[in-house]
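Student: Could we go through this model together, with attention to its aromatic rings and its buried residues?

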Amino acid sequence: MLSSSSSILRRLLRTDRLASPIAFRAYSTSGASPKKNHPSPIGFALIAIAAFGTFAYVSRSRHDDPQKHLREKRIPHPNPLIPPRSQEPQVASHLHTSPNINWSNTLLGRMGLFDKLKHKKDDQATASAGASGSDPSVPEAAAAPAIAEASVAKDTPRFDSSKVTVVFVLGGPGAGKGTQCARLVEEYGFVHLSAGDLLRAEQQREGSQYGAMIADYIKEGKIVPMEVTVALLSNAIADALAKQGGEGKGRFLVDGFPRKMDQAIKFDESVCPSQFVLFLQCSEEVMLSRLLERGKTSGRADDNIESIKKRFQTFVETSMPVVDYYRKQDRVVEVDSIKPVDEVYAEIKQAMDRTFANHAQQ
């Protein structure tokens with residue numbers, strides 16, 4: 001019985017005579033050999049049942065979810081490497097937010113592009129506010145009470161260079177700027193202004209809203225925003241001239257400034273054109289030993305090995321281009337400060353006398 005049933009089933013399907021690898025035919029069981037290409041009634045019935053079941057399943061699915069076929073329909077992309085997308089647009093699960101990027105640390109930021117754009121926007125805001133007759137909004141870096149007094153017109157120096165002599169003193173940390181400036185004050189009657197001391201005084205001033213910001217910059221060995229330093233120096237020069245009285249004449253040694261090109265240009269344009277730069281050249285090994293020795297008694301937060309190395313790197317990257325800029329204009333007096341203090345001062349004095357004589361002849 002079983003053998004006859006299996007024989008009938010084989011004759012019914014006859015998979016060995018399939019004409020196509022996809023579809024198969026059901027052949028008749030009548031006779032020893034089936035009629036060629038003639039499906040039996042049972043085969044017709046099986047095909048009809050399968051087609052009806054498929055139709056019923058699809059109809060039921062569309063009745064339950066009429067939009068399912070639209071979501072499942074895929075739209076091919078012209079580029080065969082890109083998979084097809086759904087016809088119905090996908091709903092974003094969350095809003096896209098840009099990452100928090102420190103643009104000043106990018107390549108364009110280190111080139112100073114964003115600083116230039118910022119200054120341009122500030123100038124435009126100041127011009128528009130001046131045209132409307134209202135007070136321009138003070139930038140965050142220049143809003144401290146000690147800084148707000150230095151309101152100078154754009155490209156108009158606050159002091160006359162024929163009455164006020166400004167000499168920049170540059171050199172790496174520990175090059176001996178403060179020591180040599182103290183001697184020049186005694187002999188030439190200069191007023192010594194240290195940019196670092198002014199920033200530290202503003203940091204400790206009661207009520208200064210930028211004290212914490214200045215402290216962070218100094219600790220990290222970074223350069224404080226230009227507006228703050230230039231305004232502090234401008235106010236310090238004005239205070240010194242007011243104390244001296246007279247015709248507003250004076251000589252000033254600006255120690256540790258300018259640290260960047262934008263500071264140099266801003267000072268010359270808005271405060272007073274400088275006469276020349278006294279550059280104290282010294283090796284990093286000597287400066288490091290001096291600073292570590294000074295750190296034992298100075299109490300300064302930046303006299304530690306980590307901050308010192310950052311300050312060395314900052315000086316090479318930002319301040320040396322300033323020295324090169326003035327050197328091309330033949331406005332740099334360079335002295336080797338590795339030697340003993342007395343020898344260094346003797347060379348400085350000789351160079352200063354020669355430079356002042358040349359300026360007097362001009």
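**Rings and burial in a predicted model**

Tutor: The protein chain has 14 helices and 7 strands, where helices (H or I, at least four residues) and strands (E, at least two) are DSSP runs numbered from the N terminus. This is a predicted model, in which local features need pLDDT of at least 70 and side-chain atom pairs count only at pLDDT 80 or more, while totals for chains, interfaces and linings use all residues. Residues are numbered from 1 along each chain as its sequence is written, and side-chain values use heavy atoms, with hydrogens and water left out.

Student: How many aromatic pairs does the structure hold?

Tutor: Rings of Phe, Tyr and Trp (its six-membered ring) pair if their centres lie within 6.5 Å; planes under 30 degrees apart count as stacked, over 60 as edge-to-face and the rest as tilted. Under that definition, the number of aromatic pairs in the structure is 9.

Student: What geometry do the rings of F276 and F356 adopt?

Tutor: The ring centres of F276 and F356 are 5.6 Å apart and the planes stand at 70 degrees, so the pair is edge-to-face. Because F276 lies in strand β6 (residues 276-281) and F356 in helix α14 (residues 341-361), the pair ties together parts that are 80 residues apart in sequence. Both F276 and F356 are buried, a term that means under 20% relative accessible area, with exposed over 50% and partly exposed in between (1.4 Å probe, protein chains only). The geometry asked for is therefore edge-to-face.

Student: Which residue has its ring under the charged end of R251?

Tutor: A charge sits over a ring if NZ of Lys or CZ of Arg is within 6 Å of the ring centre and within 35 degrees of the ring normal. R183 lies over the face of Y345, at 5.4 Å from the ring centre. For R251, the charged end is 5.7 Å from the centre of the ring over which it sits, that of F190.

Student: Against which elements do the buried residues of α11 pack?

Tutor: Helix α11 (residues 261-270) has Q263, A264, F267, D268 and S270 buried. F267 also belongs to a cluster that ring pairs form with F168, F257, Y325 and Y326. The buried residues of α11 pack against β3 (164-171), α10 (226-244) and α13 (305-328).

Technical notes:
Contact means heavy atoms within 4.5 Å.
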